[in-house]
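I want to go through the helix packing, the cores and a few single residues.

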Amino acid sequence: MVTVAVTGHMDLADEAAEAVRTALRDLLAGLRGDSLVGRSCLARGADTLFAEEILSLGGRLSVIIPSRDYRDAVVTPADLTRFDALCEAADEVVIMPYEHAGRAAYEAANLRLLQGADRLVAVWDGSAPTGGGGTADTVAAARSAGLAIDVVWPPGARRSGA
């Protein structure tokens, strides 16, 4: 069994989504082996694309939700259908013991994401850590833990800044 965690930018530009999806599919197909488990917090953007590709390859999905109010407080109405479908398709859904979404909940969820993972896939533009539990912070934590890291940032990928 290979457990692959994901971290990535939420603000992928719409036109970058297909290139990121293809790069994720190619990477994950090479890791499939006997059994592939993908672990995601299901944030919009990279996390969601990763989760969809894990399932499309026949892998199992493990979801880490940062807080009890995450769905209502953070998931936009436009993303609710995808979020709910991925939660329903997951083999495991862990809700972190935080009432409200925020920095502490995100940092704890990202650390839980890395626990027991064999590697981290980072859909990341290489930007510096902000100390807020974001993508670069998760990459730094994975490096400190000695995890293998695969950076996915295909040519032409960019962030929308939204």
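My entries follow, grouped by topic.

**Ground rules**

I am working on a predicted model, where local features need pLDDT of at least 70, side-chain atom pairs count only at pLDDT 80 or more, and totals for chains, interfaces and linings use all residues. Numbering starts from 1 along each chain as its sequence is written, and side-chain values use heavy atoms, with hydrogens and water left out. Helices (H or I, at least four residues) and strands (E, at least two) are DSSP runs that I number from the N terminus.

**Entry 1: α1 against α2**

I started with helix α1 (residues 17-31) and helix α2 (residues 46-56). They pack at about 45°, with axes 9 Å apart. For the record, axes are lines fitted to C-alpha atoms, for helices over the stretch in contact, and angles run from 0 to 180 degrees between N-to-C directions. α1 and α2 are therefore oblique to each other; under 35 degrees counts as roughly parallel, over 145 as roughly antiparallel, 65 to 115 as roughly perpendicular, and the rest as oblique.

I then listed who makes the contact (heavy atoms within 4.5 Å). From α1 I have A17, V20, R21, L24, R25 and L28, and from α2 A46, L49, F50, E52, E53 and I54. I sorted the residues of this contact into eight nonpolar, no polar and four charged. The classes: Ala, Val, Leu, Ile, Met, Phe, Trp, Tyr, Cys and Pro are nonpolar, Asp, Glu, Lys and Arg are charged, and the others, Gly among them, are polar.

**Entry 2: how covered is α2?**

How many of the eleven residues of α2 are buried? Eight are, so I call α2 mostly covered, with buried meaning under 20% relative accessible area, exposed over 50%, and partly exposed in between (1.4 Å probe, protein chains only). I wrote down A46, D47, T48, L49, F50, A51, E53 and I54 as the buried ones. They pack against β1 (2-8), α1, β2 (36-40), β3 (60-65), α4 (80-89) and β5 (119-123). Just past the end of α2, I noted G58 with a positive phi of about 85°.

**Entry 3: α5 against α6**

Next pair. The axes of α5 and α6 come within 10 Å and cross at roughly 40°. That makes α5 oblique to α6, and the crossing is right-handed. N110, L111 and L114 of α5 meet T138, A141 and A142 of α6. I count the residues of this contact as four nonpolar, two polar and no charged.

In α6, I found T135, A136, D137, T138, V139 and A142 buried. The buried residues of α6 pack against β1, α5, β5 and β6 (148-152). Just after α6 comes G146, with a positive phi of about 80°.

**Entry 4: the cores**

I looked for nonpolar cores, that is, sets of buried Ala, Val, Leu, Ile, Met, Phe, Trp, Tyr and Cys residues joined through side-chain atoms within 4.5 Å. The largest has 17 residues, and I64 and L120 touch the most other members. α5 (103-114), β5 and α6 (135-144) each supply at least two residues of this core. Which of the elements gives the most to it? That is α5, with four residues. I also logged a second, separate core of 16 residues, which includes V6, L28, L31 and V121.

**Entry 5: single residues**

I64 lies in strand β3 and is buried at 2% relative accessibility. Not counting residues up to four places away in sequence, I64 touches R39, S40, C41, V94, M96, A109, R112 and L113. I also checked I64 and L42: 22 residues apart in sequence, 7.7 Å apart C-alpha to C-alpha.

T7, in strand β1, is buried too, at 5%. Leaving out neighbours within four places in sequence, its contacts are D47, L120, V121, A122, V123, G134, T135, T138 and V139.

Apart from neighbours within four places in sequence, I see R103 in contact with G131 and G132.

Key
Left-handed = near helix turned anticlockwise from the far one by under 90°.
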